[in-house]
Structure formats: structure tokens, C-alpha cells
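Here are my notebook entries from an afternoon of looking things up in one structure.

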Amino acid sequence: MHHEHDACLQACLACLTACEHCATEDIKAGESMAACALLCRDCADYCALSAHLIARDSPFMHDLCQLCAKVCDECAAECEKHAMHHDHCRECAEACRRCAAECRKMTM
């Protein structure tokens, strides 16, 4: 693996973890957090696939990272709506913002 992609790979893995945790907590909270949980699950999947492609130095990693950044932005925006009342949403939003920034660097 190329070391120049390490930051993005680590950001994707951190975001994946934060999104999975957030989705689990949202599901426990009930119907009022359903939209957040669904978006977190989608984001986690994009981050996981991005991490896979980065790890194998796939020629498609740049394209997927562009889409991953978009999904991370959407997830962060949703989690930020709940961040005042839920620490897991605040932590998820922060991880999503970092991941989006690192993914955008991959597309430059």
C-alpha cells in the first residue's frame, strides 16, 4: 500500500467505526432517530468500501472517495442536528467531517 493514502484509509476506518456506533445507538433510541441511523449505516458502508479500495490501491479508489466524501457530508449534517443531545452523534459528525476532508484530498 502507498503511504500517501494512509491518512485517508485511517479516516475511513475511524468514520466506519463511529457511524456503526452511532447507528446502533440511534436504533436503541427509537423511531425518532431512524433517519440518522439509516444515513450512518450507508456512510459506514461507503467508508468500508473506500478503505478496501485504498488498501488494494485500486484504480477506482479516487472515484469512490469522491462519492464517500459526499455521503460523509450528508451524514455529518444529519448527526449535527442531534449532536447537542447525543454524544455519539457529535462524535460521528466529527469523524465524518475528517473523512470527507481526507477523501477530497484523494480526488485532487
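**Ground rules**

I am working with a predicted model, in which local features need pLDDT of at least 70 and side-chain atom pairs count only at pLDDT 80 or more, while totals for chains, interfaces and linings use all residues. Residues are numbered from 1 along each chain as its sequence is written, and side-chain values use heavy atoms, with hydrogens and water left out.

**Entry 1: α2 against α3**

I began with helix α2 (residues 34–55) and helix α3 (residues 61–80). Helices here are DSSP runs of H or I with at least four residues, numbered from the N terminus. The axes of α2 and α3 come within 9 Å and cross at roughly 155°. That makes the two helices, α2 and α3, roughly antiparallel. For my own reference, axes are lines fitted to C-alpha atoms over the stretch in contact, and angles run from 0 to 180 degrees between N-to-C directions; angles over 145 degrees count as roughly antiparallel.

The crossing of α2 past α3 is left-handed, a label used if the near helix is turned anticlockwise from the far one by less than a right angle. I then listed who makes the contact (heavy atoms within 4.5 Å). From α2, the list includes Ala35, Leu39, Tyr46 and Leu53; from α3, it includes Met61, Leu64, Val71 and Glu78. Sorted by class, the contact of α2 with α3 holds 19 nonpolar, one polar and three charged residues. The classes are simple: Ala, Val, Leu, Ile, Met, Phe, Trp, Tyr, Cys and Pro are nonpolar, Asp, Glu, Lys and Arg are charged, and the others, Gly among them, are polar.

**Entry 2: α4 and its neighbours**

I looked up α3 with α4 next, and found axes that come within 8 Å and cross at roughly 155°. Again I can write that α3 is roughly antiparallel to α4. Their crossing is left-handed, and the contact of α3 with α4 divides into 17 nonpolar, one polar and five charged residues.

For α2 and α4, I noted an angle of about 35° and axes 12 Å apart. α2 passes α4 in a left-handed crossing. On the α2 side the contact uses Cys36, Cys40, Cys43, Cys47 and Ile54; on the α4 side it uses Cys89, Cys92, Cys96, Cys99 and Met106. What classes of residue are in the contact of α2 with α4? I got ten nonpolar, no polar and no charged residues.

**Entry 3: salt bridges**

How many salt bridges does a search of the whole structure find? It finds nine, where a salt bridge is a side-chain nitrogen of Lys or Arg within 4 Å of a carboxyl oxygen of Asp or Glu. As background, side chains of opposite charge can pair when their charged atoms come close.

I checked Lys28 with Glu25, which meet at 3.4 Å, N to O. Both lie in helix α1 (residues 6–29), three residues apart, about one turn of the helix. Lys28 is exposed at 64% relative accessible area, whereas Glu25 is partly exposed at 24%. My cut-offs are under 20% for buried and over 50% for exposed, with partly exposed in between (1.4 Å probe, protein chains only).

Arg97 pairs with Glu80, with the closest N and O atoms 2.9 Å apart. This pair links distant parts of the chain, Arg97 being in helix α4 (residues 87–106) and Glu80 in helix α3, 17 residues apart. Arg97 is partly exposed at 36%, and Glu80 is partly exposed at 39%. I also noted that Asp73, Glu80, Arg97 and Arg104 are linked in a network of salt bridges.

Is Cys15 buried or exposed? Its relative accessibility is 0%, so I logged Cys15 as buried. Cys15 sits in helix α1. Leaving out residues up to four places away in sequence, Cys15 touches Cys43, Cys47, Cys72, Ala95, Cys96 and Cys99. Cys15 and Lys28 are 13 residues apart in sequence and 20 Å apart in space, C-alpha to C-alpha.

His5 counts as buried at 8% relative accessibility.

Key. Angles under 35 degrees count as roughly parallel, over 145 as roughly antiparallel, 65 to 115 as roughly perpendicular and the rest as oblique.
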